[in-house]
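Please walk through this model with me, one region at a time. Keep the coordinates open as you read.

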Amino acid sequence: MPHSDCPPLPTAGTPSCFPTPERPEGDKADCFWQTHHDELRDHRSTSELPSHSDIVIIGAGLAGVSTAYHLTKDGGSSKSITILEARGACSGATGRNGGHCRPDFYGHIPTYMDRAGDRAGAEIAEFEIANLRALKKVIERESIDCDFTLARSVDVWCNEEAAKSAKAVYDRMVAAGFDYMDDVVFYTGDQVEGICGVKGAKACASFTAGTMWPFKFVMHLIKKVLTLGVNLQTHTPVESITRDTQGGYILDTPRGRIHADNVIHANNAYVSGLLPEYGKNIIPCKGICSRITVPEGTTAPLLNNSYINRTEDNTLSYFIPRADGSIIVGGAAKLFRSHEEQWYDNVNDGVLIDSAKDYYNGYMQRTYRGWEDTGAKVDKIWTGVMGYSFDSNPHIGHVPEKDGQFILAGFNGHGMPVIWLAAQELAKMVSNGVPFEKTSMPRLFQTSQFRIDRAQAGKVEDGDILGTGNFAATKP
Ligand SMILES: Cc1cc2nc3c(=O)[nH]c(=O)nc-3n(C[C@H](O)[C@H](O)[C@H](O)COP(=O)(O)OP(=O)(O)OC[C@H]3O[C@@H](n4cnc5c(N)ncnc54)[C@H](O)[C@@H]3O)c2cc1C
């Protein structure tokens, strides 16, 4: 997985899986993206909660707000919609991530091919590429000011063995005949360092990806959906959901209760707080990210590709350059993986990850040609909470055994290339009753009792993860 290298298989459920309170000013000030002031961040459309809403969306991150957009755009739904958000809008992973929208062309795709057949793997890559194009379109159509760029994303391997393995994966994907691999170019040999600019690079590859300011994107969508009648209630955590004997559900919050016909769980890492059956499927895991700047008056060598860099010792960092000359870079999971108490099953995004917090000091000088004397230094550093999924795939669709409840969560540190289109397809399921199988979503994304049980049983992900008995299943 590109943004959080080698997630572990979750083994434990989370007893209390709710967002931690934001520290006054602290969280906004630490995270570069949220230093952008937007008055809607703490917005409440009405002073009281509505007593009923046809649809309640839990979570105002990219997933929840994109779903609201797709439900309302072009007057698509006449249903009343309320978004309940525990903290400020876009204060979760979306407001704290790396800003990298990077489809998976080959990273995890071979694993999915091995588990469920070539087509099931390719569906994911194709969906993520389509998601990037759809994002570009909506940003242009709605004139969204979010620093979007369509760039080449460069994968770099500085370890000889890892470079060889990567080349083998690339060759396998080309041999499989997937059209989209035409956009990938792979380099080995003496020229690699000169092509990617990374010191000691042994191999590199590149393909099309996007970069953006996710907080600005989401806040723009919020502004839009509010004009279309959506009711946003920030600082309103949902504490429990119970079935109403008259039909629908009652959601309890510290500000009172609200009745809903449909509930959409778009609270990613925190899903198991309200749906304990997902406790072993989606585990909250912390990641770290930073912004590096150069001193005023200094011009550092221009970098206009995004990167996934792996050092000689295979420490992975994701990286996007910004037009203002700064760099957003994070990752370094290798440094903290063995310190589980610092990041695993952990929702405390107000505390840095101790064993990685100094890693990005001097990172540009160590890593990129020509940056040695730039004086580049960490300007801001923050953490965020991802929803690691047992089988690495998100859970999307009807919540089993809970008629009228839907889920769009568990993005495994890789939500940006998935969420926009997935929200569009989920909106069709919620408002028009379209079955999952008739949407364009990859079948491995469908939530199911089978996947829930599989995680509960802690089964190793080595085979028939669709539960079809067919290891090379093709989409019906
Ligand atoms: C440090 C870091 C770097 C990352 N970098 C990248 C990257 O570069 N590219 C990429 O693709 N992905 C990246 N990710 C992952 C990506 O940010 C997520 O996949 C994506 O933002 C998930 O969006 P979401 O809307 O599902 O979740 P979130 O943005 O977390 O939104 C969920 C919301 O639900 C709210 N909530 C939770 N429980 C409740 C409740 N009970 N009641 C009400 N509200 C509730 C939360 O407060 C939160 O605002 C990164 C994540 C982190 C943490």
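A disulfide here is a pair of cysteine sulfur atoms within 2.5 Å. By this rule the count comes to zero disulfides. Cys-204 counts as buried at 1% relative accessibility, and Cys-196 is buried at 2% relative accessible area. Buried means under 20% relative accessible area, exposed over 50%, and partly exposed in between, with a 1.4 Å probe and protein chains only.

This is a predicted model, in which local features need pLDDT of at least 70 and side-chain atom pairs count only at pLDDT 80 or more, while totals for chains, interfaces and linings use all residues. Residues are numbered from 1 along each chain as its sequence is written, and side-chain values use heavy atoms, with hydrogens and water left out.

Next comes strand β6, residues 203-211. Helices (H or I, at least four residues) and strands (E, at least two) are DSSP runs, numbered from the N terminus. How much of β6 is buried? Eight of its nine residues are, so β6 is largely enclosed by the rest of the structure.

Which strands pair with β6? Two strands pair if DSSP finds at least two bridges between them. Strand β4 (residues 149-157) runs antiparallel to β6, and nine bridges join them. In that pairing Trp-157 stands opposite Ala-203. Strand β5 (residues 185-188) is also antiparallel to β6, over four bridges. There Phe-186 faces Ala-205.

A polar backbone atom of Gly-98 is 2.9 Å from a ligand nitrogen. A backbone N or O atom of Val-238 also lies 2.9 Å from a nitrogen atom of the ligand. For Gly-413, a polar backbone atom is 3.3 Å from a ligand nitrogen. Taken alone the ligand exposes 1000 Å², and the protein buries 100% of that. Such areas come from the Shrake-Rupley method with a 1.4 Å probe; for residues, only the protein chains shown count as cover.

Now look at the loops. Asn-281 sits in the loop between β10 (256-265) and β11. Asn-281 counts as buried, at 1% relative accessibility.

Most residues other than glycine have a negative phi. Ser-143, not a glycine, has a positive phi of about 45°. Ser-143 lies in the loop between α4 (118-141) and β4, and is exposed at 57% relative accessible area. Glu-401 has a positive phi near 70°. Glu-401 is placed in the loop between β16 (395-398) and β17 (405-409), and counts as exposed at 70% relative accessibility.

Methods: Polar contact = N/O pair within 3.5 Å; in protein donor to acceptor, adjacent residues only side chain to side chain.
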